Amino acid sequence: MERPEPAEVSMSQAIQPAHANLRGELSAGQLLKWIDATACLAAEKHAGISCVTASVDDIQFEETARVGQVITIKAKVTRAFSTSMEISIKVIVQDMLTGIEKLVSVAFSTFVAKPVGKEKIHLKPVTLLTEQDHVEHNLASERRKVRLHHEDTFKNLMKENSEFDDPICDEEEGMVSTGGTAVQSIELVLPPHANHHGNTFGGQIMAWMESLATISASRLCRAHPLLKSVDMFKFRGPSAVGDRLVFNAIVNNTFQTCVEVGVRVEAFDCQEWSKGQGRHINSAFLIYNAVNDKEEMVTFPRIKPISKDDFRRYRGAIARKRIRLGRKYVTSHKEEVPVCVQWDISNQVSLSNANVEALKNLAAKSGWEVTSAVEKIKIYTLEEHDLLSVWVEKHVERPAHLTYHLLSDFTKRPLWDPHFVSCEVINWVSEGDQIYYITCPIVNGDKPKDLVVLVSRRRPLKDGSTYTVAVKSVLLPSVPPCPHYIRSEIICAGFLIRAIDSSSCTVSYFNQISASISPYFAGNLGGWSKSIEETAASCIKFIENATDGGLINTF
């Protein structure tokens, strides 16, 4: 039997009917209780003194667990700072009949050491035993930066959201207000609800919040809500046995098959209760999917904000969604499963055409949502299961055919794109297809990345149509991975260039983000960086300042 590592704790629980909801699935609230308890024990194992929950964030639910199965929760300290620690949590479910294991959830929590009296505490560093320990240790620092800057990032995005027209706010048939989703509940904190410090158990508060949020979501969809993720449980202050906890939940916004529910918790002791003056102790934002009786995913109706508070919550949900997109790619280090194809000269035409078609299909998908709009540049995102795609649209004051010549020559890419250090042709396949070797800069202190990509270029068959530059990684035996670089992958990317008139065009850049290139996008999607806007502006400047003579000489 494996012994847990020094700062790791493992808990296993058999799922009983008392732990399940009406569908026979493990209640998310019960799972949150177990997660919080396991994480607390891991924190105290490392600190050697009592610890309290400061926040629980980035909780992703991948699978459901059912009665009769066994849940195993592993909590591990990834990094210790002066008085706080980050705990990574991984939840696995095992079917007792088949022995098959599946990942249920991943989460990260922050615990603070609670010294006795005036004793000062400085936590010891975490012992790093494996390469994965080192990776998580580095990522923990990045996640901490995101948490510390969360409030400022949110305020900046709220300001940015107010400066451009949100197409979701346009009137359309079937839009609904959120007034009917408001739910309030009250709980009296009793001794069984307290932790071993005498305060209300954080996991119990999270369970109550999740229960109320589920009711709120169900009032909107009239279906079975399934908790998909939790943006953040933020613990602002303690509560104790005897306190009255008042919970308020309401739907903030919907995003096709997802809905965000906000929950606020206030605590009252006897005196505060008589005066109606409570303490705001917790807030959380929970994201749900829903299924109908046929187990089909439900599309939520669009929200129609009416009051000033409705608009605040509506735009706040948009800002948080953008932060989640970015934060998602600094929460864990996923091993990438390569999907790029082997380059085969005998199958050149088929591979090239598939490259172009994949880009056109990505562009034609429905569900793209605006996340940013500044002057000539708009950024859209599209979420499909575990895939995230980005679309950057920019207006360029140059003819479409000249813009195409500049953007289809990837040797010029480092002149305007800081994400490309070098770009050289290693195989001139044909006039329309070239294979490039690309190197990228260092991100997050890791090794620099490199790529081998097929670039397929297509001029329109008739005037006024679209110029296409499609990009996809390929495997080329003559260019094996180098130990000085991390070989990365582009799943599907490229440019679509459409003429507006004889002197201007619209350039649309698409990228279906792989795990290996996600660090280059995470900060911008999350709102704490402007790298995409800055790169797009640099691209516009490069194209508009190019001379026609230089273009003619190049091609």
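**Pocket and helix packing**

Student: What volume does the second largest pocket have?
Tutor: Its volume is about 590 Å³, counted as the space filled by probe spheres set on joined grid points. A pocket is an open set of points on a 1 Å grid where a 1.4 Å probe fits, with protein on both sides within 12 Å along at least five of seven lines; lining residues have an atom within 4 Å of a point. The model is predicted, with local features needing pLDDT of at least 70 and side-chain atom pairs 80 or more, while totals for linings use all residues. Numbering starts from 1 along each chain, and side-chain values use heavy atoms, without hydrogens or water.

Student: Which residues are closest to its centre?
Tutor: Of the 24 lining residues, these are Val263, Ser283, Phe285, Arg312 and Arg320.

Student: Which elements supply at least two residues each?
Tutor: They are α3 (150-161), β7 (224-235), β8 (244-255), β9 (258-268), β10 (279-291) and α6 (308-327), where helices have at least four residues and strands at least two in DSSP runs.

Student: Now the helices: how do α1 and α4 pack?
Tutor: Helix α1 (28-47) packs on helix α4 (202-221) at about 160°, the axes (lines fitted to C-alpha atoms) being 8 Å apart. The pair is therefore roughly antiparallel, a term for angles over 145 degrees.

Student: Which residues of α1 make the contact?
Tutor: Ala28, Gly29, Leu32, Lys33 and Asp36 do so, contact meaning heavy atoms within 4.5 Å.

Student: And where do α8 and α10 touch?
Tutor: Thr403, Leu406 and Leu407 of α8 meet Cys539, Phe542 and Ile543 of α10.

How values were computed
Axes are lines fitted to C-alpha atoms, for helices over the stretch in contact, and angles run from 0 to 180 degrees between N-to-C directions. Angles under 35 degrees count as roughly parallel, over 145 as roughly antiparallel, 65 to 115 as roughly perpendicular and the rest as oblique.
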